[in-house]
Amino acid sequence: MRDKLAKKFLGTDGEERDLQTVSEISISSGGGQPQVFEEVAKMVSGFKSSAAHRSIAGFMWRGIATTNYDTLIELGYSDNPDHKQVCLPFVKDLEPYDDRLDAAQNPVALLKLHGCIDHRLDRDIPLVLSHAHYHRLSDNRKLLMQRLQDWAQSSVLIFIGYKLADSHIRALVYDIDPGSRPQWFMVTPGADEFDIKDWATRGIDLIPATFGEFTDALERDIDPLFRSLSALTSQGDQPYQKHFRTDDNGSDFFRQSIVDDLEYVSSGIPFDEVEPKKFYSGFDHGWCGIIRQLDFRRKASERMLYAALDVENGETVKFALLQGSAGAGKTIALKRAAYDAATALDEMVFWLTPNGSPRLEFFSELFSLTGKRAILFVDQISLHSEKIRKLLENASSRGIPITIIAADREADWGSYCQELEANFPPEVFRLHGLSETEAEDLVDLLSRHQCLGMLKNQEKDQQVAAFLDADRSDRQLLVALHELTLGKPFEKIILEEYERILPSAAQRLYLDISTMHQFGVAARAGAISRISGVRFEDFESDFFEPLRDIVKVTTNKGTGDRGYECRHSRVARIVFGVACENDEAKASQLSRIISGLDAGFSSDARIIQDICRGRDIANQFSSIVPAREIFEMACETSPNSAFLFQQAAILEYSHRQGSLVAAEALAKQAREKDDNNHIYIHTLAEIARRQAIDADTRVRKDQLRNQSRTFLNEIWLKNARKDLTFCKLLVDEAIDLLLALSDEPKEHEIIDFDAKVDDALERLQRASQDYPDHAEFSAEEARLWERLGESSKAKSALEKAIRARPRNAGVYLRLAKLQKREDTAAKSIEALQDGLKKFPTDKTLHLQMGLRLLELSDSPSQDVEFHLRSSFSAGDHNFDARFYYAGYLFWAGRVEESQQLFEEVDRRSNREYRTTAPRYEDAITMKLGKFSGTIESKKERFFFVRYGGYPKALFGHWRSLKDDAYDLLAVSDPVAFRIRFNRKGPVAVEVKKNPSART
């Protein structure tokens, strides 16, 4: 190759310079990269596959990697009619790795590390030919090399065709300790004894043979029965064959699908035993809890099952969805429905495994074998949304009857299943709080299996009432089970469990797994190995016992990858929260995780996508500096991801410390990476709109709003997001005109203002008609009316927003606020209750509900405490929620708990947070009445009051003294006072000397 390139482009014969140098000169001297690559393609094209290439297709491999540019390996697979696997070439990082593998039956990945002649003109992945190409190998191919390294950690590697001359391949030998990996082999002819001894010191045995001689030996010495690494299911009778109308056993593909992708649900489905105590703590990933009847029946899942099975004539596909919050019991309820459908109703039921693919070819063959409708149950359907959409689409067009019964969190359904919902809207059933009958059944089960814990000595009606009380406003069942049986807050239980894990390396590994699994997907062993330095073999030998019953191992049959999961994603979320208490710890941990992820895997891509949500990060981090560090790491890991740059822009315009200038620069980078995507164009429009709000002059405001409209007009699609920004621009302009009106406005000013309001309302009305399911338009109309001071119209708009199925809790909060101001507290509470039914874990709704109920309470109550305690969680920055709950605890007489919570607020909140007590009473302090004490000490501008109800002396400012001169106040003087709170706790206000005795 070197000589031909030199002759073609340099005109030289007998070239002595190496190939990389000749290539570099050929490209720079006028030949140009495309011409040089074309010449290389001619050299390696037109060959037929050899017997050796065809031979390797007759064996099962974990994976194949090559530095060759040709397509001989691919030809070997296509030319061998008896190939054991489907060869899938991968040439760049951003290809969907496991999605492509999942879509094929018996796939094998072929990593083309140095490029491929079929992609020689792709500027992102040029052929690795010159010195410059070698230097930039990691550009867009870094993850390909990491995948090879992951294989090398735990697999036998066979090097064929060279003596490890490539520096990047040789790095595998140097970087991986031979003592911590399997033996490797090198097939090379002409090796002498010195070569053999040298490579043996590196854990590599040399096989002195050519490629053809090596494959001949494989063909000769390995029986065809042992050339597959996994076996098909038995040819004998299988439980599902009772539905067959013929004696056909089904194809190999059909039977392999039931091994790799699906579980057939029957009374004989295999399961691992799980102790009842572990089951009720959330540790059950199989069918034991169902078959051993550890679960109780949920009305919502029963209604869903019978509705889903009630199929009308001519109805080809049917789709039902069970929604609930994390820890509500969706998975168990879905499994119970699947088991009942299979056993009691004799339906043909399959369960999609977590890493399985619902293949149309399987269901087509199943229908031809049975003539019956298949029932497919899918947990966490958001992980499979595109596959399910395609299955339903193809099944519908081909007349293959199928019913999908699925479950997921409402938030994940809304985020990841929009296209599925648009094409196949499901009948939705919601898993809310326990009914009295369900609570009684649960108590009976806990009693039978001796799992009542702290409830053991109570009467049954008290036990039932405890679950009903704890389940108000849809408290998660998992949380209720822990807190009521163990008598501690759920987060404290998880924290104590986390702190008991030894050694510290096991605790750190558990945190890494939790950080990833909190997003509902398994932590891949390959990613964990890079992040934590713990190989799967190390986990089995060193960490299995410390993490027994805490971490579960999973296997992806498509990629062969192992993974780790906590016993529940909600537990994982709490572990992350309690272990990473501040912004710096969170940012450091999330950045560590991102650095080890491979976005080619759908599970890793989802973790990156869920971590890097600009608005969520803005809400979680009080300082933008550590928040930016997360995005810097993410963009470094995936530099070509337009999504990450866009979300970094959203962080900048959403965070109070963010920069619209930085947001604009990031959004422009996102558009450069994906120029035709309307989402990134819209982000630029939204940034220009926000810049207009902050602009100082009318001219600049108009320029920026025109710029925003120009961006929006580039989006040719009819799009709700685009129309919403158009509406916001009009509302912004109407509000600006309102603010600019003088006390005695001129007639043209009034006309302009009135016309702008009319334009805004007309566009909002038209958009609400075009997009009836989008609550944002009614919410935007409410914003307009709120600013215009017409609360009755604002309430009407908010009520319309609620009927339009809002995607967040804001509309309920605004309606409750207006109703509190204009109507009765009862209507305000009703609005909050409706919001909590829709968004049962929304912390702001819980806080407002707690405060509303508190205003109506004469004494502490479980309802108030539950809502206030649910308004924050470990590690978050909801300091107002903690502040109010600490005040409530003070009022309830739980002074020590109140003090501890105030100390946490003081320790973790920013320095400006509530440094002084408010000037007016709030819902808590107005109930406290008056107190009496004595002056303990006095300074120039403040003093401290000692009284018996709090362990510390209370701070008082000199201005809080009423009716008396501060210079007359002396140490030991008796005083009467009221209490309000600042960040440190109770503060003495409205202080008077010489009170009548009162405590």
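The legends below describe close-up views of a predicted model.

Local features in this predicted model need pLDDT of at least 70 and side-chain atom pairs count only at pLDDT 80 or more, while totals for chains, interfaces and linings use all residues. Residues are numbered from 1 along each chain as its sequence is written, and side-chain values use heavy atoms, with hydrogens and water left out.

**View 1. Strand E15 and its antiparallel partners, E13 and E14****.** Helices (H or I, at least four residues) and strands (E, at least two) are DSSP runs numbered from the N terminus, and two strands pair if DSSP finds at least two bridges between them. Strand E14 (residues 551-555) is joined to E15 by five bridges in the antiparallel sense, with Thr555 standing opposite Arg562 in E15. Strand E13 (residues 523-524) also pairs with E15 in the antiparallel sense, over two bridges, and here Arg524 stands opposite Gly563. Strand E15 (residues 562-566) is mostly covered, four of its five residues being buried, where buried means under 20% relative accessible area, exposed over 50% and partly exposed in between (1.4 Å probe, protein chains only).

**View 2. The open sheet of six strands****.** The strands follow the order E7-E9-E10-E11-E8-E12, and their pairing is mixed. Strand E7 (262-264) and strand E12 (427-430) are the edge strands, each of which pairs on one side only. Strand E8 (residues 317-323) pairs with E12 in the parallel sense over four bridges, and Ala320 stands opposite Glu427 in E12.

**View 3. The crossing of helices H15 and H16****.** The axes of helix H15 (residues 299-309) and helix H16 (residues 330-343) come within 9 Å and cross at roughly 45°; axes are lines fitted to C-alpha atoms, for helices over the stretch in contact, and angles run from 0 to 180 degrees between N-to-C directions. H15 and H16 are therefore oblique to each other, since angles under 35 degrees count as roughly parallel, over 145 as roughly antiparallel, 65 to 115 as roughly perpendicular and the rest as oblique.

**View 4. Helix H37, from residue 720 to residue 740****.** Because 15 of the 21 residues of H37 are buried, this helix is largely enclosed by the rest of the structure. At 1.5 Å a residue, its 21 residues should span 30 Å, which agrees with the 30 Å between its end C-alpha atoms; the expected span is 1.5 Å times one less than the number of residues. At the start of H37, a side-chain oxygen of Asn719 reaches to within 2.9 Å of the backbone nitrogen of Arg721.

Key:
Polar contact = N/O pair within 3.5 Å; in protein donor to acceptor, adjacent residues only side chain to side chain.
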